[in-house]
Amino acid sequence: MPTTEQERSTIIINKPVKHAATRCYHCGTDCITNSIAIEEKVFCCEGCKLVYEILNENGLCDYYKLQSHPGLAQIKPARNDKFSYLDNEDIANRLYKFTDGNNTMVTFYIPGVHCASCMWLLEHMNKLDAGITESRLNFTSKEVTIRFQQEKISIRKIVELLTTIGYEPYISLDDAEQKKTRNYNKQLIYKLGVAGFCFGNIMLMSFPEYLSFDRGIEHEYAFLFRILNLVLALPVFFYSASEFFSSAWAGLKQKILNIDAPIVLALIITFARSVYEIATNTGSGYLDSMSGIVFFMLVGRVVQERTYKSISFHRDYKSYFPIAVNVVTKDGTVSKNLQDLQEKDIVELHNDEIIPADAIVLKGNARIDYSFVTGESEPVMIETGKQVYAGGKQTGEKITIQIIKPVAGSYLTSLWNHHSFTKNKIEKNNRDSIIHVMSKYFTIVLFILAAATAVFWWMNDPSKILPSVSAMLIVACPCALLLAATYTNGNLLRLLSNNGLYLRDATVIEQVGDINHIVFDKTGTLTQGAKQFRTTGHQLTETEKSWVYNIASHSKHPYSKALVSYLGVYPLTTSEKWQEHTGKGLYAELAGNVIKIGSAAFTGVETENDNNKPALYIQINDKITAFYITTEFRDDIPQIIPVLRDSYELSLLSGDNDRQRERLQGLFGTSSKLLFAQKPIDKLQYIENLQKNSKKVLMMGDGLNDAGALQQSNVGITLADDINNFTPSCDAILDAKKFGKFPSLLKLAHAGRYIIYFSFVISVLYNIVGLSISMQGKMSPMIAAILMPLSTLSIVLITTGLGSLVAKRLHLSIKA
């Protein structure tokens with residue numbers, strides 16, 4: 001029982017009470033009323049109803065048959081002039097992939113694509129407007145390519161049509177600057193196809209000679225098969241294997257002996273000896289072995305390169321900024337390309353629009369959300385005449401600002417110009433890879449053995465020097481080592497992705513294995529949306545709750561939605577008067593009562609400078625209720641942080657205030673460093689200092705404010721609630737829904753190195769067998785043809801099996 005007045009006036013509810021509600025026929029959202037309906041079909045809002053009417057009029061209601069409630073979310077009405085900038089021909093031309101003045105092709109990224117119904121509808125857009133001739137959706141990359149006739153429909157009308165049916169495209173400054181799409185390396189596929197075709201046919205024509213044993217085959221057929229094999233081997237050597245030649249040459253130019261250098265040497269010797277044997281009619285050569293090795297190595301590279309074609313790991317602020325803004329001129333408001341903005345330009349910003357450059361507020365109530373730039377979770381009220389910074393988002397009414405710095409000189413851009421963004425992390429990781437280190441020692445040992453063999457046969461039988469030494473270099477090619485790494489990493493990339501961790505490339509696996517210090521961002525990484533609510537002051541009665549519910553349910557503001565979620569569902573009634581003052585609050589008159597919901601200033605409440613401020617106040621006549629929204633940790637955080645603390649040093653860097661310091665310190669432990677009110681440059685410099693003290697740092701963040709730190713760290717991981725939404729440049733993306741698996745995923749990546757070691761031991765055993773035969777000068781093409789594929793097959797099975805076994809023991813998913 002509560003014993004004090006404070007305790008009696010406090011209500012804590014973790015799980016809101018929900019009443020039964022009908023689900024929207026379009027999007028599946030619980031309907032607060034059954035009044036928005038067509039026949040027996042009920043909708044949650046007028047937007048969803050409008051989409052149904054459009055589809056029904058055009059005979060596209062099969063959209064609802066493929067999947068129930070296929071709409072991803074409620075349809076939010078867009079401003080009439082939201083896409084007016086697309087009427088600017090210069091801006092529109094930047095988005096076109098092709099145009100001849102009328103027939104035009106454009107590609108849009110559609111974040112809302114999620115099911116077969118989405119694909120079906122987006123590929124039938126020609127039924128919605130005759131000006132659209134064709135539309136094709138790449139479901140994996142969520143990109144729709146639309147061909148249309150400008151004489152019948154404009155690009156603006158297409159974007160507005162997509163928005164109306166619930167598939168608003170994400171158009172950013174980055175789209176205007178990247179004319180080329182993220183195409184997959186088709187040349188690698190062609191090389192693989194050529195190598196596979198030639199390898200299969202060479203093996204087929206080598207069987208007669210191999211299987212004839214001592215009887216032999218007729219001379220003319222043997223010579224014919226050898227010539228055909230040589231012809232088939234030419235494209236493998238000069239085209240398919242060029243992948244390895246170019247890599248080896250690039251390494252040698254930088255005075256680096258990478259894994260491809262000894263492989264190229266082995267390929268050259270194999271091909272040269274085979275040509276010599278066929279030309280002198282002294283043997284069939286080793287063309288089947290050479291073609292097989294090239295084929296299997298290309299298979300591994302293709303598997304790795306295809307893994308994350310649809311996920312972008314190299315985004316910068318241009319992917320976050322709009323392509324154009326509304327500039328106020330003497331002739332009225334015009335759309336202007338973001339890069340053409342100049343100092344003293346006057347810009348209009350509406351709710352949820354991004355500040356394009358550092359500016360001064362001229363007019364309106366600026367309520368700026370800097371969470372994605374600085375990490376501060378609460379919006380900041382900026383007075384007229386004060387400065388606002390690029391990257392912030394206006395969350396209130398329309399405001400007017402004056403640009404004081406061009407886009408290139410803004411605070412956010414200056415962060416991106418930091419030297420950490422210019423360093424080539426990928427190239428460094430490749431250079432330091434364990435595979436290249438091991439291959440160097442492997443090559444040295446091989447050359448020493450080859451030299452010893454040459455000396456031995458020079459002293460005993462000089463005629464066997466060339467056959468034995470060349471056979472050693474052919475059989476002991478470090479291909480097995482490369483295959484061990486390629487297939488191990490390829491399998492680990494698959495296993496990691498099945499469990500929600502998407503790595504940029506295979507080199508990141510090794511870097512994760514070296515990590516000894518993990519740095520976390522707080523807002524959006526450890527914490528998530530509001531889950532717990534608390535009220536103080538006047539305790540609302542059920543009747544008052546229904547009044548508040550009716551008023552707040554009509555607002556799209558996040559705090560209003562949180563309040564509605566807390567209250568549950570009540571029958572709708574009509575307010576005598578309802579007004580929303582953007583950036584301030586809601587005013588309504590209901591049942592003879594004056595009700596206000598909003599900020600302290602709006603409701604007339606005097607507040608103190610306290611970090612623990614209510615999210616909003618509810619005023620019913622003269623009674624005040626304070627409504628708190630507690631930002632909670634993600635569900636898995638209390639379990640995974642103690643686990644990570646046992647294996648790694650931990651730090652926390654937050655741009656937010658320190659109101660949760662005590663709780664976080666208890667979670668992270670006294671040995672962990674917690675820093676608050678950190679600017680983006682502070683986070684970057686903190687990681688730099690850790691690295692100077694020989695720490696291998698993994699940084700996990702979620703916003704632009706973490707971009708510098710993510711890039712500076714040895715491994716930067718972005719936590720994303722939707723892996724296809726905007727994420728800053730990083731080495732990996734972790735699906736937030738799989739956060740609980742993070743410690744196990746780190747262990748799996750760490751195990752990759754030991755799997756490669758074990759695979760290497762197996763390949764060395766094969767090499768010992770092959771070298772012992774070669775050093776005696778007894779290596780025949782048939783033995784080589786058996787040993788090399790057998791070695792390759794063993795490596796593939798071992799790496800795949802061990803990786804899956806480790807994943808299973810860590811309770812990770814093996815299948816997607």
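Is Asp87 buried, partly exposed or exposed? Asp87 comes out as partly exposed, at a relative accessible area of 46%. Keep in mind that this is a predicted model, with a chain-average pLDDT of 78. Below is a quick tour of confidence, salt bridges, sheets and a few single residues.

- Of the residues in the protein chain, 78% score a pLDDT of at least 70.
- Residues 1-20 sit below 50 in pLDDT, and this stretch makes 32 contacts in the model beyond near neighbours in sequence.
- Residues 426-431 are also below 50, with 11 contacts of that kind in the model.

**Salt bridges**

- Searching the whole structure turns up 18 salt bridges.
- One of them pairs Arg156 with Asp87, with 2.6 Å between the closest N and O atoms.
- That pair connects distant parts of the chain: Arg156 belongs to helix H6 (residues 155-164), while Asp87 is in the loop between helix H3 (63-66) and helix H4 (89-95), 69 residues apart.
- Another salt bridge brings together the side chains of Asp345 and Lys336, at 2.9 Å from N to O.
- Here Asp345 is buried, with 12% relative accessibility, whereas Lys336 counts as partly exposed at 22%.
- Shared partners also build a network: salt bridges join Asp87, Arg156 and Glu160 into one group.
- Glu134 and Arg147 make a further salt bridge through their side chains, at 3.2 Å from N to O.
- Glu134 is in strand S6 (residues 132-138) and Arg147 is in strand S7 (residues 143-149), so this pair ties together parts that are 13 residues apart in sequence.
- In this case Glu134 is partly exposed at 28% relative accessible area, and Arg147 is partly exposed at 34%.

**The three-stranded sheet**

- An open sheet of 3 strands runs in the order S13-S12-S15, with antiparallel pairing.
- Strand S13 (380-382) and strand S15 (393-394) are the edges; each has a single partner strand, so one side of each has no neighbour in the sheet.
- Strand S12 (residues 366-369) pairs with S13 in the antiparallel sense through 3 bridges.

**The seven-stranded sheet**

- A second open sheet has 7 strands, ordered S17-S29-S28-S27-S18-S25-S26, and its pairing is mixed.
- Its edge strands are strand S17 (501-503) and strand S26 (673-675), each of which pairs on one side only.
- From one strand to the next, the twist averages 20 degrees.
- Strand S25 (residues 649-653) and S26 run parallel and are joined by 3 bridges.
- Within that pairing, Ser651 stands opposite Lys673 in S26.

**Strand S21 and its partners**

- Strand S21 (residues 585-590) is mostly covered, with 5 of its 6 residues buried.
- Strand S20 (residues 577-581) pairs with S21 in the antiparallel sense over 5 bridges.
- S21 also runs antiparallel to strand S22 (residues 593-598), with 6 bridges joining them.
- Tyr587 is a handy landmark: Gln579 has Tyr587 in S21 as its bridge partner, and Tyr587 in turn has Lys596 in S22.
- S21 and S22 form a hairpin with 2 residues between them, and Ala591 in the turn has a positive phi of about 55 degrees.

**Single residues to look at**

- Gln712 is in helix H25 (residues 707-712) and is buried, at 6% relative accessible area.
- The side chains of Gln712 and Gln691 are joined by a polar contact of 2.7 Å.
- Pro467 is in helix H16 (residues 465-475) and counts as partly exposed at 30% relative accessibility.
- Pro467 and Gln776 are 309 residues apart along the chain, with 9.5 Å separating their C-alpha atoms.

Conventions:
Residues numbered from 1 in each chain as written. Predicted model: local features only at pLDDT ≥ 70, side-chain atom pairs only at ≥ 80, totals over all residues. Heavy atoms only, no water. Pairing = 2+ DSSP bridges. Helix = DSSP H or I, 4+ residues; strand = E, 2+ residues; numbered from the N terminus. Axes fitted to C-alpha atoms, helices over the stretch in contact; angles between N-to-C directions. Salt bridge = Lys/Arg side-chain N within 4 Å of Asp/Glu carboxyl O. Buried < 20%, exposed > 50% of the residue type's maximum accessible area, 1.4 Å probe, protein only. Polar contact = N/O pair within 3.5 Å; in protein donor to acceptor, adjacent residues only side chain to side chain. pLDDT = per-residue confidence, 0-100. Contact = heavy atoms within 4.5 Å.
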